[in-house]
Amino acid sequence: MQLQLSTWQEIQQRLTHDVGILIPIGSTEQHGPTGLIGTDAICPEVIARGVGDQHDVLVGPTLTLGSAQHHLGFTGTITLRPSTLLAVVRDVVQSLAHHGFRRILFLNGHGGNVATVNAAFSEVYADISWRGGVAPHCHISSWWQGPRVVRLRKQLYGDNEGDHGTCSEISMTQYAYPESIKHSPLQGRAPAYSGIFDAHDYRQRYPDGRIGSDPRLCSPEHGQQLFAAAVADVADTFARFNTAKPTAMDTNAG
Ligand code: NI
């Protein structure tokens, strides 16, 4: 079930028996010569929709902009500064909490969002705690870290998976948007990860935008397998999160 395709009465009714919601969050940033700029938003969005279609889970609107300053050396990248992203996530959580949502799981597509999103959760918790209230439980989970997906990434790509413009995320977008598959002469595997600083430094270290990946291995068929694995992983994670008492999973650790 999608929030965007529901009426307010449907959401109000749903909240009488289920107070959980899944929110995809990504980024709009370069992903190398064959990766789409929307990759980090597209992946969690299609996975979350799969979870919403195949399981009884409410899926919220995708937050498509994230923290991507180190990709600004590549045309088309749009970043929010951390304080803006923090404010956006805080306001989204507080809006949902206002209506009665108590379990808010962000399905993440971009590693650079994690620290800031966790800081946003801490801001919400502080505000509510100071008022003497009880905060909703919030958590951010990155789609590529689920157990089935981790196994599949290793099996399909091994050391060629990489850290940015990864084979798995590009395959996922090829499955989701086969009409937008890109072809470009790639110079083999990209330079290995050696740190990330600012946009100028990133462009020098990683000239075509990729880190450690060889997307010549990508295919929409792989994307379909990864999609199925990710939907199963996220459905499990959400089911645990939506029913469990607050545990270490609900803290800012990971
Ligand atoms: Ni990415």
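**View 1. The nickel site.** Donors here are N, O and S atoms within 2.8 Å of the metal (3.2 Å for Na, K and Ca), and water is not among the atoms, so sites may look incomplete. With that in mind, the nickel ion has H31 (NE2), D40 (OD) and E169 (OE) as its protein donors, at 1.9 to 2.2 Å. Along the chain these donors follow the spacing H-x8-D-x128-E. D40 sits in helix α2 (residues 39-54) and E169 in helix α6 (residues 167-176), so this pair, 129 residues apart, links distant parts of the chain; helices (H or I, at least four residues) and strands (E, at least two) are DSSP runs numbered from the N terminus. D40 and E169 are both buried, where buried means under 20% relative accessible area, exposed over 50%, and partly exposed in between (1.4 Å probe, protein chains only).

A word on the model behind all these views: it is predicted, so local features need pLDDT of at least 70 and side-chain atom pairs count only at pLDDT 80 or more, while totals for chains, interfaces and linings use all residues. Residues are numbered from 1 along each chain as its sequence is written, and side-chain values use heavy atoms, with hydrogens and water left out.

**View 2. The largest pocket.** A pocket is an open set of points on a 1 Å grid over the protein atoms alone, with protein on both sides within 12 Å along at least five of seven lines; a cavity is a set where a 1.4 Å probe fits but cannot get out, and lining residues have an atom within 4 Å of a point. The largest pocket holds about 400 Å³ of space, a volume being the space filled by probe spheres set on grid points that are joined across faces, edges and corners. It is lined by 23 residues, of which G111, W144, D163, H164 and T166 are the closest to its centre. By class, six of the lining residues are nonpolar, eleven polar and six charged. Here Ala, Val, Leu, Ile, Met, Phe, Trp, Tyr, Cys and Pro count as nonpolar, Asp, Glu, Lys and Arg as charged, and the others, Gly among them, as polar.

**View 3. The largest cavity.** One cavity of 30 Å³ or more turns up in a search of the whole structure. The largest cavity has about 30 Å³ of space. Its lining is made of T34, L36, I170, T173, Q174, S180, I181 and K182, which divide into three nonpolar, four polar and one charged.

View 4. Five aromatic pairs are found across the whole structure; rings of Phe, Tyr and Trp (its six-membered ring) pair if their centres lie within 6.5 Å, with planes under 30 degrees apart counted as stacked, over 60 as edge-to-face and the rest as tilted. One of them is the tilted pair of F106 and F121, at 5.6 Å centre to centre and 45 degrees between the planes. F106 belongs to strand β2 (residues 103-108) and F121 to helix α4 (residues 114-130), so the pair ties together parts 15 residues apart in sequence. F106 is buried at 0% relative accessible area, and F121 is buried at 0% as well. Elsewhere, F74, Y202 and Y206 form one aromatic cluster.

**View 5. A charge over a ring.** R103 lies over the face of F241, 5.7 Å from the ring centre. The criterion asks for NZ of Lys or CZ of Arg within 6 Å of the ring centre and within 35 degrees of the ring normal.
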